[in-house]
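Dear colleague,

I am passing on a structure that I have been looking through, and below it you will find notes on what turned up. Please read them with the structure open beside you.

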Amino acid sequence: MDELPFVITVARTGGFAGMRREWTVEVSAPQDAERWRPIVEACPWDATDDTSATPDGFVYDLRVADHTAVVAERELDGPWRELVDAVRSTADDD
Amino acid sequence: MRHGIVPPYLLSHLAQLDRDDLRPAAEAAQRSLRSDLRPRPAGPGVLAERVPAPVPPSGPDRTISDAAGAETLPGDVVRREGDDSTGDVAADEAYDGLGATYALFADVFGRASIDGAGLPLRATVHYGRQYDNAFWDGTQMVFGDGDGQVFGRFTASLSVIGHELSHGVTQYTADLVYAGQSGALNESVSDVFGALVEQYSRGQSAAEASWLIGEGLFTDQVEGRALRSMSAPGTAYDDDVLGKDPQPATMADYVDTTDDNGGVHLNSGIPNRAFHLVATALGGNAWDAAGPIWYDTITGDLPPAATFSDFAAATSAAAAARFGRQSREQRAVVDAWSTVGLPIGDTGSDG
């Protein structure tokens, strides 16, 4: 994330329908990077190995630069939720 | 599945497995083992504690709650057992769907609710905003209203309600690990019993039934009849925006993916079709012979990390035990699995 541009990808799989949806944000302007970096850095990227599945629950695959995480919907709270909601609302507005 | 449902010794065993076909299950077990360090949510405990003593069916005990657009469970109670209709279509569909699901398991299999011991049935409707899903959270069913463009409300299809409650039945019986092949079997079992709930409720024979899962969920804007087709996996929808139904119908087209817990909603098409083939080969009602064979299988000694081959062999053994070796029922089972690319080695075996 030190270099611009960087891309934030949220992929949602699973769910009853088993359909994949993906939202991406490309951050290229320095002022945008200042907004996104704290949202991304607030997430516990190194502590996300608990994705024991809820039947038909959504699964989120999150990627930013060299960060990756798989987060079950049930665990999607706090900073993860903020990141996903921010990416979805920004991508949907495009 | 919630934490703590698979006993730790079994998780350790799964976590150490070094077979490609079991890798998703092994990884899920590793994650679950690590998560055992965390506080456990309320819910069924370890294996020995989680199966209560069975009781005879004495009628459902339903509670429907309304989350009113929040993602908080359970929400406010809007209808309890015996209450009049609320006038809210989602709440009333959920209530009726829980009743229809209870009726199948009670009337056909003599099972009192999802745990066999009369567990109260709980569902929450109007979960989230434009929420495109329904799921089983380990203790209750949850239904969204859909986004209105692709999906309408998830209570609109009885097969979906039956599917979600059947995840509860699986949790209390075979407890199939929700990843890879065992996860696809978990999904397929829910589709099988979801379809049976709908067929039994409508009085449809195997020949008359649609064999569609989630019929009526799509809005008119989508080119598709349903989410999945058990009779012809891969043909339920073909839409400009959504693309084509990606389910495989045979092992030759098995999908290897890390999405969706290892493609559990994709590869379920293969065992789904096997069930359809058995039911239509035998004729009559699917709940008369095919359903009991599948029910005996999940309530038997199937391992939680069962592969498709394990499951196929178990259904053959269940058919032999119930109907006799080389009975037409057992031969139909063996033929069905062979058609989908899973030949069973010893057709005379009863396990």
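Across the interface of chain B and chain A the rule finds two salt bridges, a salt bridge being a side-chain nitrogen of Lys or Arg within 4 Å of a carboxyl oxygen of Asp or Glu. R81(A) forms a salt bridge with E71(B), and their closest N and O atoms are 3.0 Å apart. This is a predicted model, in which local features need pLDDT of at least 70 and side-chain atom pairs count only at pLDDT 80 or more, while totals for chains, interfaces and linings use all residues. Residues are numbered from 1 along each chain as its sequence is written, chains are lettered from A in the order in which they are written, and side-chain values use heavy atoms, with hydrogens and water left out.

As for the interface as a whole, 34 residues of chain B are in contact (heavy atoms within 4.5 Å) with 24 residues of chain A. The two chains bury about 2500 Å² between them, 51% of it on carbon and sulfur atoms, where buried area is the accessible area (1.4 Å probe) that two parts lose on being put together, summed over both.

Turning to domains, whose bounds come from an automatic or database domain assignment, domain 2 (62-156) and domain 3 (180-339) of chain B each give at least three residues to the lining of the largest pocket. A pocket is an open set of points on a 1 Å grid over the protein atoms alone, where a 1.4 Å probe fits, with protein on both sides within 12 Å along at least five of seven lines, and lining residues have an atom within 4 Å of a point.

Best wishes
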